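Open the structure in your viewer and keep the selection tool ready. The stops below go from one whole chain to single residues, and then to the place where two chains meet.

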Amino acid sequence: MSEVSAQSVLAHLFQMGKVPKKKRSVADKVRKAKTSFEIKNNPFEVKINRKKFDVLGRKSKHDVGLPGVSRSKANNKRKETLLKEYKQKGRSSKFIDKRFGEYDTQMAPEDKILKRFALERQRVHDKKDLYNLNEDEELTHYGQSLAEMEKFNDAVDSDDESEEKGLLSAELTASHFGGGGLLRKKTGGQQDGEETHRAKSRQELIDELIQKSKQEKRERQVRKEESQELTEKLDQEWKSIQALLVKKTPKCDRAEEEKPKLEQYDMMVRELVFDMKAQPSEKLKTPEELAREEREKLQKLESDRLRRMMGEEVEESSQSQSHISADDLHDGFILDKDDEKTLSYQVGDKRRQAVCVEDGDAGEEEEEEEEDDNADEEGRRRRRRGSRRPAMMKKMVTLTWSPSKKIKAQQEAAKAELPYTFTAPESYSDLKDLLQGHTPDNQRLIVARTQKSNHASLAVGNKLKLQKMFGFLLEYIGELATRSPPELVAVDKLIPELYSMCQMFPEAACKAMQSIFEDAGHTMEEVLEVKGHVPFPALDMLVYLKVTGLLFPTSDFRHPVTTPALLYISQALTKCPVRSLQDVTSGLVLCCLGVEYVTFSKRFLPELINFLAGTLHLAVKDKTSLGSYTVVPPFRPTGKCSDLLVLSDSESCASWTKKSLPLSATRHLELRSDPTQTQARLTCVSTCLDLVKRCCLLYKDLPSFTCIFRPIRTLLSEHLSAQTLPELLQILESIGGAAVTRCRLVLEKKKPIPLKLLTPKIVEVLDYGKKRGCNREEREKERLKHKYKKEFKGALREIRKDTRFLAREKLTEVMDRDSERKRKVRELFGSLATQEGEWKALKRMKSK
Amino acid sequence: MLTCDTVHVSFILYVILQSEKEKDVVNAVNACSKLFSTLLEKKDLFLGKLPTGEEEEAFIGLSAEEKYRLFMRQRYSSCVEMLLEHLDHELYSVKESALCCLMKFAEGEGRHPLEDLDWSEHYSFPRELLQGVVDRLLSRTTENSMLISRFQEFLEMEDVRYYVMSSIRENVGKVLAKNKGVGEPFMFNNVFSLMSNISIPSQESGLTNFMIKQEGESCLLSEHKRAFEKMWLGFLKYKLPSNMYKKILVILHDSILPHMSKPTLMIDFLTAAYDVGGAISLLALNGLFVLIHQHNLDYPDFYKKLYNLLEPSVFHVKYRARFFHLANLFLSSSHLPLYLVAAFAKRLARLALTAPPTALLIVLPFICNLIRRHPSCRVLVHKPKSVEDPYLMEEEDPAQCRALESSLWEIKTLQSHYHPDVAKAAGSINTPLSGLEDDISELLEKTTYELMERDLKQTRKTVPLEFETATQLLKGGGDVLGQHFCLG
């Protein structure tokens, strides 16, 4: 009961809703019926915005307005939105249309319908046909069952469609397509009258048509058979002739039987085709050309170096230097890819193999292992034994070494003991195990071979291994230097290997060196903070400093390794107090290194001069009368260690001959006897003087040369006697004296400041009429402000219109209500009046 | 019952206190502290002065109660003596526990005085006990800095600090007068570490933390200041070793001068130190600056002396940063005569020829700042006609050294310094200086390692390499090393 009533109410409501819609749609139709052209031409509709003046090239959108149209549009919109909201105001319940996609404005109506249909079908299907496998519902086309229509197909003979090319007629199409039924009905309706007398002729026509086509078909079949026969015949004939015409055919069955005959020739041809043609090789260079090339390369590198020295940034170009193998003979021979190809050639040609083995010396992987005849030495050498091929070995070895018979037999023997491949060491102890117990020469060979057998191009991880190995080698060198006695010969031998590895991996080398200096600098700083002074760096640090100078350019304005190294040297020279002859020697080694570092760039190293002056001060006998010069820390004017280099007797000086000090003297000096001590002192002093000489030459162009060398000059001229230091002093005096006159005069500076220009700055304004701002930001701000204002105004206007609209609606509502009430009242009054009238009439009747 | 126990316990404790074992001693000290503090609280110790003479005699004619008290008091005083001796013990843990125990006793005695309050002495503070502690702390034979830093905790309390100050003064006066002004280094160190730990709150309201409730002079800030001042002056009037001078001068401006009631009393000390020369003069500068700046000290020839302080060693001493900070302050005045500024600039430049890179990075901006402040000094960097250098390095008077006639060739020289930063800083002299001064305060504390780190941490894409093939260790780079040294 309640359901029914609700439904009826719903229906009623829908109807109610539809009624005004219909009304509106009628009004809209009226308006829409008027074309826009019509409206625009109606002078009552159009409002023309008068322009004060025309501007050329400007298009204005708003010169013509259609106030009526836009007002009605706005009104309609309000009715759809605002009015609905107003009507719904204060109501909590509302109707929701649950049909699919009813409120989806994005969806096209066709889609909606389709989807709804699909949903409907699904619903039906789900319930009823859950177990129904095959009995689908009938498919229809234009309301007719497709199954029915299939019967039409039998009527038309369509086994050969190509024959009916020209026969497309209304009948045919009608019979072929399902829509024919409707079409026919239509035509039937139209030709109702004709059909009666033409029905027969039509039947006849069809029969005729069928006959015709059948006949044609037969004819064609005959023709086809004939042509096929002909071609078969021709083929057979051709086959019989073919054998005569062509001698050799590419047919496989025939090639197979002929193969043994042709093999040699074939091989030769193919070999000729695929074999490498003689490439035009570069012509052999004459020695002059070679020298020139070398010079050019060096010049380029030199210019790079100079540029870096001036502190300019260098591009990548300088990095193109190719890796040079340790065994490179510098003969320009490069093993390229073509040679590798010959290596992999399958033919067992002895001559070729010999060549390839010879090549092996110039950078090929040396896989071959030599036969080991000294079995008792095996244990000593820890090495990897790869696959051994004893039969081949002897031949290989003789082949390898036969071209280089000039090498001394002894050396050959020494080399012959070493294996040819090594695994790259994984840790520092591995490397130590590898190298321990070998002679320095052999150590070098081992490193070189390890490097080659783990060349970066051979396997993926090799690069990293070798990079690590560089760090281990550095560590090893440091350890060699710290042993007592230091094994500097071994270090010396390893230098070329270090250099070549550094050339291969500059970044890794740089990192390794940097970490060494970082550690050293850090420990020095820590000791300094605690004690205030540090001992001189040990021999390993000195070696590292020297190696740095060998591996990296010391003349760069700023270099990630050499700049810290120089700082380290200067720090050591200023903070390490000199307490013994060993300290003096260490200091002098550092000075030598410092001089080497700045030789090329001629940079000023104040600590160097200070230290040299201090060292000379140590040789001054009478320290009381100083005053014309000052000593810079770490040296003190007087003190217990300030007489280290004072020479006691002049006799020993006469017998003294210059010998170079061993580097190990930085650690311990044999100073048993007095003469040897004097000898050592004399060597130190002479070294110091030589360094002073070099410094004089280096710095003679500096503007304050005299000031820098004043302490040394006074020391030499006034405090050190020429008798004890015979001819050295003379040389120095001359150098010092000659340089006195040098003094740069002027310090020019200040670039001329350009005069202020007083001409007005003219800015071309290209966009007239647009709002001008100084920059983009201001313009953007201005634009946004303008937009905001406009929007604000628009919104305000809209709100006003909304309120007006609502007010109007309310008014109409009130009016409607009032009129309704009036009507009802009038009705009531009317009915009352009639009642009254009736009553009166009745009364009158009664009274009558 | 209880009394009997305490007597036994006190005896046993006294014995254990003399034991050799560290653990026993520490435990005994702790037990002592507990026992006697409760006794002090209960007022179970004899009041008044301890009778001298034989122990047995003292007990004659006393009631049992009084006997007990007297006996305990004797134990107490012998225990205190033991503890004071333990302050010289070689083990720190023993020393520490003894010190804490003694301070606890001091607190107890302060709360519950052992003697009747004599109202003429309007304070009740165990001065004798504290004096004993201070005497032991300022030992002549051992270094007590650890214990003193432990003692600092008690110095937080205003009254303790006040009495410690007077005790120090007495102790120092006594000891040094006895030795005719020659003290042992240990004692100086102890005195210094104790005295430098003393700091006085800056406001009267800061005096709140008392161990024992006090009234009278120890509550007044001015009294505290006066005691502080007396203590320091009493110490400083003796001849001190030079490293002690340095230590004092380092903290003088910061932790001594502000706490004195009359800082001007330090003038004599400071001027004497300033005249010593070398590092001590450099350090005295700071105190002098405070006096000149805040206390209206007029120091004749101040700048001349400052000028003469500039020696090559200035760049190498530990107090380099402090010196340049102050020199920057002194020379920041724009009313200095031109010749003076020029003399400073020239002298600094000349000295820069021997300076390490870290110092150069301070000095070069310093000189640039001088030229900026005094634009007439620009002649130093721009003089198209001069040839000779007329500057007299040996002249002591900046007015006579003819710096204005010279030019800063030294900076030109430093443009070819080996360190890139220095070379760049020196290069700035070539261009017209910008208006803003360089801030040198960041550069003052830079160390060589920091300079090294800058290059070490930098990651560059490519590392330039030496292209001359290295063959031997001693070859390459001009063969300087190979010429003078050989392998082996």
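**Chain A as a whole**

Contact here means heavy atoms within 4.5 Å. This is a predicted model, in which local features need pLDDT of at least 70 and side-chain atom pairs count only at pLDDT 80 or more, while totals for chains, interfaces and linings use all residues. Residues are numbered from 1 along each chain as its sequence is written, chains are lettered from A and ligands numbered from 1 in the order in which they are written, and side-chain values use heavy atoms, with hydrogens and water left out.

Colour chain A by secondary structure to see 29 helices and 5 strands. Helices (H or I, at least four residues) and strands (E, at least two) are DSSP runs, numbered from the N terminus. Chain A has 848 residues, and 30% of them count as buried. Buried means under 20% relative accessible area, exposed over 50%, and partly exposed in between (1.4 Å probe, protein chains only).

**A buried threonine**

Select A:Thr615, which lies in helix H24 (residues 606-618) of chain A. Is A:Thr615 buried or exposed? A:Thr615 counts as buried because its relative accessibility is 2%. Now show what surrounds this residue: leaving out residues up to four places away in sequence, A:Thr615 touches A:Val584, A:Phe635, A:Leu645 and A:Cys688. Its side chain also reaches the backbone oxygen of A:Phe611, at 2.6 Å.

**Two residues with positive phi**

Most residues other than glycine have a negative phi. Select A:Lys602, in the loop between helix H23 (581-599) and H24 of chain A. Its phi is near 55 degrees, a positive value in a residue other than glycine. A:Lys602 counts as partly exposed because its relative accessibility is 39%.

Next select B:Arg402, in the loop between helix H17 (357-373) and helix H18 (409-414) of chain B. B:Arg402 is not a glycine, yet has a positive phi of about 60 degrees. With 39% relative accessibility, B:Arg402 counts as partly exposed.

**An exposed phenylalanine**

Return to chain A and select A:Phe44, in the loop between helix H2 (36-41) and strand E1 (47-48). A:Phe44 has a relative accessible area of 78%, so this residue is exposed.

**Where chains A and B meet**

Show both chains. How many residues of chain A are in contact with chain B? The contact involves 92 residues of chain A and 75 residues of chain B. The area buried between them is about 7,800 Å², and carbon and sulfur atoms give 62% of it. Buried area is the accessible area (1.4 Å probe) that two parts lose on being put together, summed over both.

Across this interface the rule finds 3 salt bridges; a salt bridge is a side-chain nitrogen of Lys or Arg within 4 Å of a carboxyl oxygen of Asp or Glu. Select B:Lys457 and A:Glu518, whose side chains form a salt bridge at 3.3 Å, N to O.

Finish at strand E5 (residues 661-662) of chain A and strand E1 (residues 485-486) of chain B, which pair in the parallel sense over 2 bridges. Two strands pair if DSSP finds at least two bridges between them. Within this pairing, A:Pro662 has B:Cys486 as its bridge partner.

Notes. A polar contact is a pair of N or O atoms within 3.5 Å; within protein, one must be able to donate a hydrogen and the other to accept it, and residues adjacent in sequence count only if both atoms are side-chain atoms.
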